[in-house]
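Please read this briefing alongside the sequence and the model.

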Amino acid sequence: MSEATSNPNHQPQSEEELAAAAAMPPTDPLADAQAELLNLKAQNADLADQYLRAQADVQNARRRADDEIAKARKFAVEAFAESLLPVLDSLEAGLAIPNVTIEQIREGSEATLRQLKSALERNKVVEIAPAAGTKFDPHHHQAISVVPAAQEPNTVVTVLQKGYSIAERVLRPALVTVTAPK
């Protein structure tokens, strides 16, 4: 924009400026304000539309994430259950055999136990069975009783029930007896 059009107090001096000033219609402050208002309303409507679209995108992303989480929860145990099916099959097959001897029952039970342990290991379920003399860890062990012993205080004497963890998170602590403080 030239100085003549941007400064209302500017007086045209050259013939070109005089001709340009004569060719321009006089500016109407009301018309300028109305034009500015229309421009701002259009920008406001555009921004409001962009905001609504962004909100819809966020809601859609949140809904998709919620759906994915629901599906993950629903099917999270699928692989675990699939690894347990052979154990179930073995138990059913063992129970279906008539006139079984004690030795056969024991042999079948041991084979099924190996299958079960293998399935648990594949799914990162780890046994917590501290050896006698191991330092008591309250994060992995639960003391059921305290007994006097010659060992160092707060060490495991016996394991009453094994514990288990999955992916380093304790599912069930090992139930243990520990030595009493001296």
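Helices (H or I, at least four residues) and strands (E, at least two) are DSSP runs, numbered from the N terminus. The model is predicted, so that local features need pLDDT of at least 70 and side-chain atom pairs count only at pLDDT 80 or more, while totals for chains, interfaces and linings use all residues. Residues are numbered from 1 along each chain as its sequence is written, and side-chain values use heavy atoms, with hydrogens and water left out.

**Thr179**
- Thr179 belongs to strand 6 (residues 174-179), and it counts as buried (under 20% relative accessible area, 1.4 Å probe, protein chains only) because its relative accessibility is 1%.
- The side chain of Thr179 comes to 2.9 Å from the backbone nitrogen of Asn154.
- Leaving aside residues up to four places away in sequence, Thr179 touches (heavy atoms within 4.5 Å) several residues, among them Val146, Gln151, Pro153 and Val157.

- Three strands form an open sheet in the order 1-4-5 with antiparallel pairing, where two strands pair if DSSP finds at least two bridges between them.
- Strand 1 (125-128) and strand 5 (169-172) stand at the edges, each with a single partner strand, so one side of each has no neighbour in the sheet.
- Strand 1 pairs with strand 4 (residues 163-166) over four bridges in the antiparallel sense, and Glu127 stands opposite Tyr164 in strand 4.

**Helix pair**
- Helix 4 (residues 78-96) and helix 5 (residues 102-122) pack at about 180°, with their axes 9 Å apart, the axes being lines fitted to C-alpha atoms over the stretch in contact and angles running from 0 to 180 degrees between N-to-C directions.
- Helix 4 and helix 5 are therefore roughly antiparallel, a term for angles over 145 degrees.

Terms used
Buried means under 20% relative accessible area, exposed over 50%, partly exposed in between (1.4 Å probe, protein chains only). A polar contact is a pair of N or O atoms within 3.5 Å; within protein, one must be able to donate a hydrogen and the other to accept it, and residues adjacent in sequence count only if both atoms are side-chain atoms. Angles under 35 degrees count as roughly parallel, over 145 as roughly antiparallel, 65 to 115 as roughly perpendicular and the rest as oblique.
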